[in-house]
Amino acid sequence: MKFLISIGLVLIACVCAGCREGWQAATYPANGTVTVNGVAANGAVVTLYPIGAKVDVRNSRPWAIADQEGRFELQTYEAGDGAPIGEYNVTVTWPLDVTKMDLAMIDQLDGQFARPEQSQWKVEIQDGENLLPTIAIDGVKLQTKVQNTKTRRIPRGPEMERGQ
């Protein structure tokens, strides 16, 4: 009888754990809005970089793409799952056109808000629903077309820098 109870408890624990992989951190819903020069930043990419310890063994980073109204919903492992608990630096890039490979890497914001170590925005994800403060970028001149070969491309993540 004890054996059947033990198996039942293990099955319940597996069901309660859900489909999350063992290496994945628990995530909590998080959303917000991003504007540039007072206008919704449709297609802007918002990325969170943990301050301090990694959120999981793979150093995952919550991210989102803003919709036509500038709203975004963070995801870490799958669409809309949110972000793990913790403090983060926030970066914003805004590709010219995500549907064209040669333009997807051109940042309309010229890389000004793409480095986590220089971020002016910090957020804290807590247990439960998280409504993040609006990210308002004002007074910037947008890169609206490929001007020359010196146009700044979206920078690589820290783990992809040269020499690593």
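Select Asn-37 to begin. In this predicted model, Asn-37 sits in the loop between E1 and strand E2 (39–40). Its relative accessibility is 34%, so Asn-37 counts as partly exposed. Now check the backbone. Phi of Asn-37 is near 50 degrees, a positive value in a residue that is not glycine. Most residues other than glycine have a negative phi.

Jump to Asp-110 next. Here phi is near 55 degrees, again positive in a residue other than glycine. Asp-110 belongs to the loop between H2 and E7. With 23% relative accessibility, Asp-110 is classed as partly exposed.

Stay in that loop and pick Arg-115. Arg-115 lies between helix H2 (101–104) and E7. Its relative accessible area is 29%, which falls between the 20% limit for buried and the 50% limit for exposed, so Arg-115 is partly exposed. Thr-93 and Arg-115 are 22 residues apart along the chain, and their C-alpha atoms are separated by 9.6 Å.

Now turn to the aromatic rings. How many aromatic pairs does a search of the whole structure find? There are two. Show Trp-23 and Tyr-77 for one of them. This pair is edge-to-face, with 5.4 Å centre to centre and 85 degrees between the planes. The two residues are 54 apart in the chain, and the pair links distant parts of it. Trp-23 is in the loop between helix H1 (2–17) and strand E1 (30–36). Tyr-77 is in the loop between strand E5 (71–73) and strand E6 (86–93). Trp-23 has 23% relative accessibility, so it counts as partly exposed.

Select Phe-113 and Trp-121 for another pair. Their ring centres are 5.5 Å apart and their planes are at 40 degrees, so this pair is tilted. Are these residues buried or exposed? Both Phe-113 and Trp-121 are buried.

Arg-58 lies over the face of the Trp-23 ring, at 3.9 Å from the ring centre.

The largest nonpolar core has 27 residues. Highlight Val-34, Leu-74, Val-92, Ile-125, Ile-135 and Ile-137, the members with the most contacts inside it. Then colour the strands. E1, strand E3 (45–50), E6, strand E7 (121–125) and strand E9 (135–137) each supply at least two residues of this core.

Last stop: Ile-125. Leave aside its neighbours within four places in sequence. Ile-125 is then in contact with residues including Tyr-28, Ala-30, Leu-48 and Leu-74. Also among its contacts are Pro-84, Ile-85, Tyr-88, Asn-130 and Leu-132.

Conventions:
Residues numbered from 1 in each chain as written. Predicted model: local features only at pLDDT ≥ 70, side-chain atom pairs only at ≥ 80, totals over all residues. Heavy atoms only, no water. Phe/Tyr/Trp six-rings, centres within 6.5 Å; stacked < 30°, edge-to-face > 60°. Helix = DSSP H or I, 4+ residues; strand = E, 2+ residues; numbered from the N terminus. Buried < 20%, exposed > 50% of the residue type's maximum accessible area, 1.4 Å probe, protein only. Lys NZ or Arg CZ within 6 Å of the ring centre and 35° of its normal. Core = buried A, V, L, I, M, F, W, Y, C linked by side-chain atoms within 4.5 Å. Contact = heavy atoms within 4.5 Å.
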